[in-house]
Amino acid sequence: MVFLSYILRKELSKSVVKRQGTGRAWTFFDTLDLLVRGGAGGQGLPKIGGVGGNGGSVYVVAKKNITLRDVKRKNPTKKYTAGLGSNSWKRGPLGPPGKDIEIPVPVGVEVKDQYGRVLGSLDIEGDKVLVAQGGEGGNPANNFQGFKGQKRFINLDLKLLADVGLVGFPNAGKSTLLSAVSRAGPKIASYPFTTVKPQLAKMEYEDFRQISIADLPGLIEGAHLNRGMGHTFLKHIERTKMLLFMVDVGGFQLSPKYPYRSALETILLLNRELELYKEELLEKPCVLALNKIDKKNANFLATDVKEQLQDMEDSVRNLNLDKDLLPQRFIRFDEVFTISAKLDIGVEELKHKLRDLLDTYADQRTEYQRQRFDHQRELDSKTSVEQAGFIV
Ligand SMILES: Nc1nc2c(ncn2[C@@H]2O[C@H](COP(=O)(O)OP(=O)(O)OP(=O)(O)O)[C@@H](O)[C@H]2O)c(=O)[nH]1
Ligand SMILES: [Mg+2]
């Protein structure tokens with residue numbers, strides 16, 4: 001049973017992403033399991049108090065321009081064992097340590113152990129996580145018997161990385177916008193859940209600058225509980241720099257069985273879903289696009305929503321939404337646009353504003369990353385085997 005669910009999980013996590021323009025599809029390889037073993041420690045030599053070398057350890061290190069597929073291709077056995085520590089002997093009482101192994105993996109990988117515990121997240125190039133510790137060499141404290149190295153099954157989970165992630169209820173027009181701003185040809189239809197797999201596209205600008213945008217399947221109430229397309233896709237939102245919320249200004253109704261939700265209510269429900277999945281998602285820069293402005297009364301509705309967004313505390317008081325459905329913390333949108341993705345109204349302005357905002361936030365990130373690098377360097381100088389499983 002456990003094995004079956006493992007296989008199922010593995011299959012489900014290989015999302016198929018359609019290649020833009022060509023209509024070809026390839027499997028987006030976003031998860032890989034490895035077996036890692038630290039090297040055994042060398043034997044000590046009690047007669048002369050000789051100490052065996054510590055076994056080597058296994059690390060995963062984030063590198064640019066490689067994929068999980070490359071990792072597998074490089075070592076199809078998917079097994080890694082670090083070097084043995086040398087035994088102590090008469091002419092060399094201090095056995096040299098075994099060789100460490102560093103497995104290069106793509107930036108954006110989260111490393112988990114076989115119990116699903118997160119060992120570390122490799123967010124920027126050079127991030128390094130100790131995944132299997134080498135065994136201690138034989139010494140007086142362990143009766144001069146070298147210890148075995150740590151053995152672990154680890155899972156490398158790559159979250160889709162795009163500059164902008166499209167978030168919205170089904171049918172909001174996310175895929176229509178994607179096709180308006182890029183050369184991608186996503187499936188567009190008037191029924192919910194047209195998009196069932198994440199799709200990446202590039203927005204191109206006159207000066208050849210490219211910004212990646214991810215079209216994600218529509219979210220619905222309860223997505224964090226895996227309703228609808230569920231949280232399989234919420235994880236991809238984590239690795240986007242900015243979120244673009246798309247909302248049908250006329251509101252949404254999944255089917256007559258479900259309640260009608262106004263545009264403001266859909267915004268709040270999306271806000272709530274993200275918050276329940278991972279609150280820090282709300283810290284990302286967010287932009288809102290009120291779509292389908294070409295429809296009857298849409299301008300009037302959009303003005304209303306914009307006003308309501310000015311004072312959310314007050315606006316929610318007049319809503320008929322269950323308290324449990326309301327977010328604890330309201331998203332603050334950097335910009336609110338009214339657009340028609342279908343008729344190409346306001347799309348160009350949105351596209352340029354996304355670029356401006358990304359650049360502004362990139363400057364802030366650079367500063368943050370510089371600080372992280374400094375911190376990492378400091379930790380590197382103090383690397384010790386006790387730090388197993390944490391970014392060192
Ligand atoms: N009138 C009008 N219709 C639109 C606009 N944008 C999208 N639509 C229509 O809305 C429907 C849904 O569009 P999609 O782009 O498939 O919506 P989606 O958000 O990708 O939907 P899912 O993939 O199901 O989450 C389609 O029939 C589109 O033609 C718009 O600006 N105006
Ligand atoms: Mg779609």
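Of the 392 residues of the chain, 40% count as buried, where buried means 20 or more other C-beta atoms within 10 Å of a residue's own, exposed means 12 or fewer, and partly exposed is in between, with C-beta atoms placed from the backbone. This is a predicted model, in which local features need pLDDT of at least 70, side-chain atom pairs count only at pLDDT 80 or more, and totals for chains, interfaces and linings use all residues. Residues are numbered from 1 along each chain as its sequence is written, while chains are lettered from A and ligands numbered from 1 in the order in which they are written.

**The whole chain**

Start with a cartoon view: you will find eight helices and 16 strands. Helices (H or I, at least four residues) and strands (E, at least two) are DSSP runs, numbered from the N terminus. Among contacts between residues at least 6 apart in sequence, 70% join residues at least 24 apart; a contact here is a pair of C-beta atoms, placed from the backbone, within 7 Å.

**The six-stranded sheet**

Next, select the open sheet whose strands follow the order S12-S13-S11-S14-S15-S16, with mixed pairing. Two strands pair if DSSP finds at least two bridges between them. At the edges stand S12 (199-204) and S16 (335-338), each with a single partner strand, so one side of each has no neighbour in the sheet. Neighbouring strands are turned by 25° against each other on average, direction ignored; axes are lines fitted to C-alpha atoms, for helices over the stretch in contact, and angles run from 0 to 180 degrees between N-to-C directions.

Now zoom in on S11 (residues 162-168) and S13 (residues 210-215), a parallel pair joined over three bridges. Show Leu 166 and you will see Asp 215 of S13 opposite.

Move on to S15 (residues 286-291): five of its six residues are buried, so this strand is largely enclosed by the rest of the structure. On one pairing, S14 and S15 run parallel, joined by six bridges; Met 246 has Ala 289 in S15 as its bridge partner. Trace the chain through S14, helix H5 (residues 263-277) and S15 to follow a right-handed β-α-β unit. Right-handed means that, with the strands pointing away from the viewer, the path from the first strand over the helix to the second runs clockwise. S15 also pairs with S16 in the parallel sense, over four bridges, and Leu 288 stands opposite Val 336 in S16.

Select H3 (residues 174-181), which lies across S11, S12, S13 and S14 (240-248) and runs at about 160° to S13. Seven of the eight residues of H3 are buried, among them Lys 174, Ser 175 and Thr 176.

Then display ligand 1. Its shell holds 24 residues, the closest being Gly 173, Ser 175, Thr 195, Gly 218 and Lys 342; a residue belongs if its C-beta atom, placed from the backbone, lies within 6 Å. H3 supplies the largest share of this shell, three residues. Colour the shell by class to see eight nonpolar, eleven polar and five charged residues (Ala, Val, Leu, Ile, Met, Phe, Trp, Tyr, Cys and Pro count as nonpolar, Asp, Glu, Lys and Arg as charged, and the others, Gly among them, as polar).

**Last stop: Pro 93**

Finally, go to Pro 93, in the loop between S5 (79-81) and S6 (101-106). Pro 93 is partly exposed, with 15 other C-beta atoms within 10 Å. Leaving out residues up to four places away in sequence, Pro 93 touches Leu 45, Ile 48, Gly 50, Val 51 and Ser 88.

Technical notes. Two residues are in contact if their C-beta atoms, placed from the backbone, lie within 7 Å.
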